[in-house]
Amino acid sequence: MKIILSAIILTAMTLTAFAQEKPIPLYPKGVPNSKKAPAEYVEKIDGNWIYKVTDPTLTPYLPEKGKANGAAIVVCPGGGYSGLASDHEGKAVAKAFADIGVTAFVLKYRLPSDDIMADKSIGPLQDAQMAIYIVRKNAAQWGINPSKIGIIGFSAGGHLASTEGTHFDKPVIEDKENISVRPDFMMLIYPVISFGEYAHVGSRENLIGKTPSAAQVDLYSNEKQVTANTPPTFLIHAEDDNVVPVQNSLLFYDALLKNKVKAEMHLFQEGGHGFGMNNPKNKGKWFEWAASWLDENGFLSGK
């Protein structure tokens, strides 16, 4: 009975370790780069998946009172740029960050579509840049250090996060206040990175079409966009990933090394693709390694 009671108390403590606020519209005055959606293009929630997003939002997950350390992170779920895995690559991740004192924000971003966008290739990036913009602009309100704002992405969400971390010097949003949209760190989990030989073809076609130019392929092959000013990066991938080849992370890591950008990469021997927070083939917990990396780089120490 004592064991059961302890388990109930522990569960209750976990559930109250963060506060979820209402979703914040990214564009309260109108979504940029948008066209009137066809009648059949309506947002759909199917289990833990979200499709056909027309009104992107940012949902805050706040650490419990007294636990926040000033760091923040924007969470980009994956889904091949055709859907959003909103639970195991979204909410669960945000809750874990809030539990270690990091204010987390789940980004519900628009999925590239000619039906609702004038230029679908920049739609998701606009939302990611706006997410960083909003968090940085309102940092004081949330008790966030504006120099400790990162981004994490899974699979195609990892492509979006890495695009945000390598294309920040060319904003695709209106930024009259000149607020930096550069994340201070990136965390890429089994990410889509390259649109070349090792591309996840579905993500590439959804973002830039079935017949992209060589220039477009290079532009969104983010290993080719790394510079010395690319944010410090933490990478996770499984060697047996048969959806997004591990070479995506290897190419990005190699580019980071060549540009002398701080980076740490962990490769699981097994695990496949899309395992979220817990790799069922390995006892190692990548989130614990990620938290240690953040701490070692000074992102968890004070405000």
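**Stop one: a covered strand**

Select V74 and look across to β8, where F105 stands opposite. Keep in mind that this is a predicted model. V74 belongs to one side of β6, along with A72 and C76, while I73 and V75 sit on the other, and all of these are buried. In a regular strand the side chains alternate between the two faces of the sheet. Now show the whole of β6, residues 72-76: 5 of its 5 residues are buried.

Next, bring up the neighbours. Strand β8 (residues 103-108) runs parallel to β6, joined by 4 bridges. β9 is parallel to β6 too, and here there are 5 bridges. Click V75 to find its bridge partner in β9, I152.

**Stop two: helix α9**

Stay with β9 (149-154), as it is part of what covers the buried residues of α9. Select residues 286-296 and colour W286, F287, A290, A291, W293 and L294, the buried residues of this helix. Look down the axis of α9: the coloured residues fall within an arc of 160 degrees, so they line one face of the helix. Just after α9, pick G298, which has a positive phi of about 85 degrees.

Finally, show the open sheet of 3 strands, ordered β3-β4-β7 with antiparallel pairing. Its edge strands are β3 (44-46) and β7 (84-85). Zoom in on β4 (residues 49-51), which pairs with β7 over 2 bridges; there, I50 stands opposite L84.

Definitions and conventions: Residues are numbered from 1 along each chain as its sequence is written. This is a predicted model: local features need pLDDT of at least 70, side-chain atom pairs count only at pLDDT 80 or more; totals for chains, interfaces and linings use all residues. Side-chain values use heavy atoms; hydrogens and water are left out. Buried means under 20% relative accessible area, exposed over 50%, partly exposed in between (1.4 Å probe, protein chains only). The arc is that of the directions from the helix axis to the C-beta atoms. Contact means heavy atoms within 4.5 Å. Two strands pair if DSSP finds at least two bridges between them.
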